[in-house]
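Look over the sequence and the structure below before reading the notes. The briefing then goes through them by topic.

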Amino acid sequence: MSVESLFPRLEALLPKVQKPIQYVGGELNSTVKDWDETTVRWALMYPDAYEVGLPNQGVQILYEILNEMPETLAERTYAVWPDLEALMRSEGVPQFTVDAHRPVRAFDVFGLSFSTELGYTNMLTALDLAGIPLEAADRGDDDPIVLAGGHAAFNPEPVADFLDAAVLGDGEQIAIAITEVIREWKAEGSPGGRDELLMRLAESGGVYVPKFYDVAYHADGRIQRVAPNRSGVPWRVHKHTVMDLDEWPYPKKPLVPLAETVHERFSVEIFRGCTRGCRFCQAGMITRPVRERSITTIGDMVEAGVKASGFNEVGLLSLSSADHSEIGEVAKGLADRYEGTNTSLSLPSTRVDAFNIDLANEFSRNGRRSGLTFAPEGGSERMRKVINKMVTEEDLIRTVTTAYTQGWRQVKLYFMCGLPTEEDADVLGIADLAKKVIKAGREATGSRDVRCTVSIGGFVPKPHTPFQWAAQADHETVDRRLKALKDALRGDRDYGRAIGLRYHDGKPSIVEGMLSRGDRRVGKVIRAVWEGGGRFDGWSEHFSYQRWMEAAAETGVDVDWYTTREREENEVLPWDHLDAGLDREWLWQDWQDAVNDVEVEDCRWTPCYDCGVCPTMGTEIQIGPTGKKLLPLTVV
Amino acid sequence: MAQRLRVRYAKRGRLRFTSHRDISRAVERAVRRADVPVAFSAGFSPHPRISYVGAAAPTGVASEAEYLEIGVTRECDPDRFRAALDTSLPHGLDVLDVVEAGAGSLADRLECSAWEIRLPEADPALARVAVERFVTTERVEVERLTKKGPRRFDAREAVLSLEVIEGTETTAGQASSQPCVILRMVVRHATPAVRPDDVLTGLRLVADFAPPVPPEVTRLAQGPLDVRTGKPADPFDLDRDSTRGGETEPVGQYVGGDL
């Protein structure tokens with residue numbers, strides 16, 4: 001049965017909305033396949049506005065891989081802004097894909113990539129506009145399988161009622177496997193309806209189907225146990241790890257939008273995973289082990305991607321990009337290749353390290369000098385030991401001074417507030433550190449023209465990290481410390497004007513904290529917030545703390561219990577049945593080490609410290625050097 | 001910079017929803033993909049020498065006549081340049097004509113625009129009455145929200161001609177046989193610019209005429225006002241005269257396999 005394009009009906013609405021181009025599709029390198037010539041069809045959603053969602057690597061990778069498969073089709077959909085949502089409701093236009101403007105409900109899978117929990121309300125809008133029942137229990141055989149992935153899917157429990165399934169870890173291989181399970185089931189005539197399909201997915205061990213698990217609670221509200229409620233369903237569901245990134249060189253053909261988006265560049269992931277062991281960092285814990293892409297594959301991907309897109313900036317992505325074993329050669333090779341072409345290179349996520357200034361110099365050869373950002377994360381030496389961010393004050397001052405003497409006038413320093421064991425003095429230490437940086441910079445350059453911007457985020461404890469047991473700081477404490485820091489900087493006559501401060505109030509972190517470490521009972525808060533008009537919670541102009549607190553009160557959910565309460569070692573955590581490979585005892589030990597200011601080294605260069613991932617997952621560290629070099633581009 | 005080329009391009013179909021900023025990014029990328037030898041400005045933050053001439057058709061308005069100038073570092077054959085840039089741009093942003101820049105400013109030649117407004121489901125009789133009233137009124141003050149706040153100005157004087165014709169409605173490439181009111185007009189470029197929606201506002205003010213569904217607006221042409229026809233002439237005529245001496249064959253020597 002063919003599916004009609006919704007575009008003619010949508011088109012009549014577009015003159016009335018802001019930035020209509022975001023709904024039109026037709027991006028360079030996008031794909032529209034014939035519906036009737038495919039048997040398995042995915043609608044992929046990044047549940048935020050188009051300008052944020054389009055550049056998302058995860059969605060672009062899966063989109064390309066699925067569309068490369070025969071008889072398989074993938075299209076994309078994004079959150080529509082409230083102006084279009086209102087018109088779609090009044091005119092009865094359902095949630096559509098931007099590729100061929102097909103209704104999302106007509107697809108086999110509705111796959112959502114959650115980088116952050118703040119996209120949950122946008123998922124509900126999309127489901128509702130699509131005409132798909134919000135609760136998985138109310139869905140029938142004509143509804144797609146609603147499937148979540150992305151980092152937030154490592155604890156999907158708060159949205160368990162709205163999901164049919166979730167997948168943990170790297171999506172490349174499991175997306176293909178799911179496609180084949182669906183294809184086979186459909187070829188057999190869809191026996192047993194959606195329940196049998198979900199059962200087939202669950203039995204594979206790689207797909208979590210929340211409804212096949214029952215959660216029992218203690219009288220005090222803690223979880224007693226989470227157990228499968230039918231045979232054949234595994235007790236634990238494991239994450240997926242792609243080994244050998246050179247075999248998966250995606251995206252090959254990056255999507256180039258007409259509308260303006262948050263990242264206007266071609267990004268290549270230079271490695272996946274990080275073993276630096278920063279204890280606050282969920283990404284570093286759940287994406288282990290480190291798997292490098294080789295210098296030659298990086299070079300090939302950059303060459304092809306720039307050619308296919310026309311982007312004039314290349315971003316080398318990873319969790320700590322300067323840690324690639326051949327980053328120096330990569331930087332030099334690419335800078336040589338693009339000399340004189342006005343193609344600039346950028347290296348987000350770098351460590352505090354003088355070596356990185358050399359890299360930055362290399363990278364700014366062919367374009368403008370973007371700012372330099374370093375992330376000491378903690379304001380005091382003690383705090384940095386707690387979070388295992390092994391950067392000394394001397395390191396930081398030396399690195400930033402080098403940057404100033406090499407011509408950078410402005411650096412950005414990133415910190416967190418509300419970390420476990422943090423006291424007022426730790427946050428005030430940020431002011432001292434910033435002043436020392438400026439002082440050293442002025443002495444080294446002989447100029448007063450050096451500046452730094454201190455940027456502070458609120459810390460949110462995340463599942464599958466050593467801080468998963470920690471009490472989150474309440475927003476009053478965070479706000480008080482931030483105000484003291486602001487006063488300390490502003491009141492300083494000599495340095496105050498050389499130091500900028502950027503921060504947000506602590507309230508959004510509390511909501512994020514509840515959604516991050518919540519269990520299935522938090523779902524009704526999300527639903528109540530959405531019903532009360534909650535949308536785009538990642539956007540300060542749409543986010544309403546009050547709406548969240550009122551919804552929690554209405555539904556009888558104690559926000560403090562989920563956020564500011566410290567958990568005991570033996571408490572069953574809502575995500576304990578979901579396996580990121582990390583050994584629970586190791587995580588607990590690391591949490592104890594944190595409290596005792598004990599640091600742990602990176603296992604790439606020191607012996608394994610038994611976090612558990614490699615033996616559990618059958619994976620290994622894959623790093624260079626390969627000793628290869630990038631050759632100059634051949635002139636056509 | 002070896003040469004300056006003048007480009008006429010169209011914004012059609014779905015791509016009429018692109019804003020001017022969107023188009024400028026798309027052109028920069030298309031130029032890179034097409035390997036066109038675009039010149040860059042000097043300085044700390046070099047940018048390609050591409051300038052947009054005249055007032056861009058607003059977001060949501062289609063156009064058959066938008067103009068830009070581009071500087072290149074090597075002499076290019078305009079026809080090959082046209083084909084290369086057109087292939088590289090997304091379907092719907094179509095390069096129609098390229099000439100080597102002659103003497104004089106292109107911006108000065110863009111004196112007026114011809115517009116077409118399709119009004120599906122509108123009443124032809126009411127439209128005729130409204131247009132009649134509009135053209136016989138001396139001044140029609142309208143208000144438009146600009147970046148600097150609401151602004152009042154006369155929408156009548158700049159309108160050199162305005163007529164109603166009846167045609168066939170087309171939406172999203174689907175032709176139907178339903179009759180449709182079509183307004184055609186020629187508007188002189190002035191400050192503040194009088195745009196098609198200002199004229200529609202004027203029709204509402206003078207005769208309470210309001211289209212039932214969003215109008216489909218297209219700029220048909222831009223150029224110097226041809227007093228004989230009362231319509232814009234091709235602004236590239238002068239460039240063709242000076243670079244080709246009035247001949248139809250290009251004089252520019254084309255060398256090598258690429259641009």
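Pro192(B) sits in the loop between strand 9 (174-188) and helix 5 (196-207) of chain B; helices (H or I, at least four residues) and strands (E, at least two) are DSSP runs, numbered from the N terminus. The peptide bond that leads from Thr191(B) to Pro192(B) is cis, with omega near -5 degrees. This is a predicted model, in which local features need pLDDT of at least 70, side-chain atom pairs count only at pLDDT 80 or more, and totals for chains, interfaces and linings use all residues. Residues are numbered from 1 along each chain as its sequence is written, while chains are lettered from A and ligands numbered from 1 in the order in which they are written.

**Confidence**

- The model has an ipTM of 0.88 and a pTM of 0.93.
- Chain B has a mean pLDDT of 89, and 89% of its residues reach 70 or more; pLDDT is the predictor's confidence in each residue, from 0 to 100.
- In chain B, residues 171-175 have pLDDT below 50, and this stretch has 11 contacts in the model beyond near neighbours in sequence (two residues are in contact if their C-beta atoms, placed from the backbone, lie within 7 Å).
- Residues 245-259 of chain B also have pLDDT below 50, with 18 contacts in the model beyond near neighbours in sequence.
- Where pLDDT is low, the predicted coordinates should not be read in detail.

**Chain A as a whole**

- Chain A contains 21 helices and 18 strands.
- The C-alpha trace of chain A spans about 75 × 70 × 55 Å along its principal axes.
- A compact globule of 636 residues would have a radius of gyration near 26 Å, and the 25 Å of chain A agrees with this; the radius is taken over C-alpha atoms, and the globule rule is 2.2 Å times the number of residues to the power 0.38.

**Domains of chain A**

- Chain A is divided into domain 1 (7-237), domain 2 (265-370 + 603-636) and domain 3 (371-505 + 568-600), with bounds from an automatic or database domain assignment.
- The C-alpha centres of domain 2 and domain 3 of chain A are 24 Å apart.
- Their contact takes 24 residues from domain 2 of chain A and 32 residues from domain 3 of chain A.

**Domains of chain B**

- Chain B is divided into domain 1 (3-108 + 235-244) and domain 2 (111-232).
- Taken over C-alpha atoms, the centres of domain 1 and domain 2 of chain B are separated by 27 Å.
- In chain B, 12 residues of domain 1 are in contact with 12 residues of domain 2.

**Where the chains meet**

- The contact takes 22 residues from chain B and 22 residues from chain A.
- On the side of chain B that touches chain A, helix 1 (residues 20-33) of chain B gives the most, with 7 residues.

**A helix pair in chain A**

- Helix 5 (residues 120-130) and helix 17 (residues 523-531) of chain A pack at an angle of about 65 degrees, and their axes are 9 Å apart; axes are lines fitted to C-alpha atoms, for helices over the stretch in contact, and angles run from 0 to 180 degrees between N-to-C directions.
- Tyr120(A), Thr121(A) and Leu124(A) in helix 5 of chain A meet residues of helix 17 of chain A, among them Ile526(A) and Trp530(A).

**Local backbone features of chain A**

- Gly624(A) and Pro625(A) are joined by a cis peptide bond with omega of about 5 degrees, and Pro625(A) is in the segment after helix 21 of chain A.
- Phe536(A) is not a glycine, yet has a positive phi of about 45 degrees.
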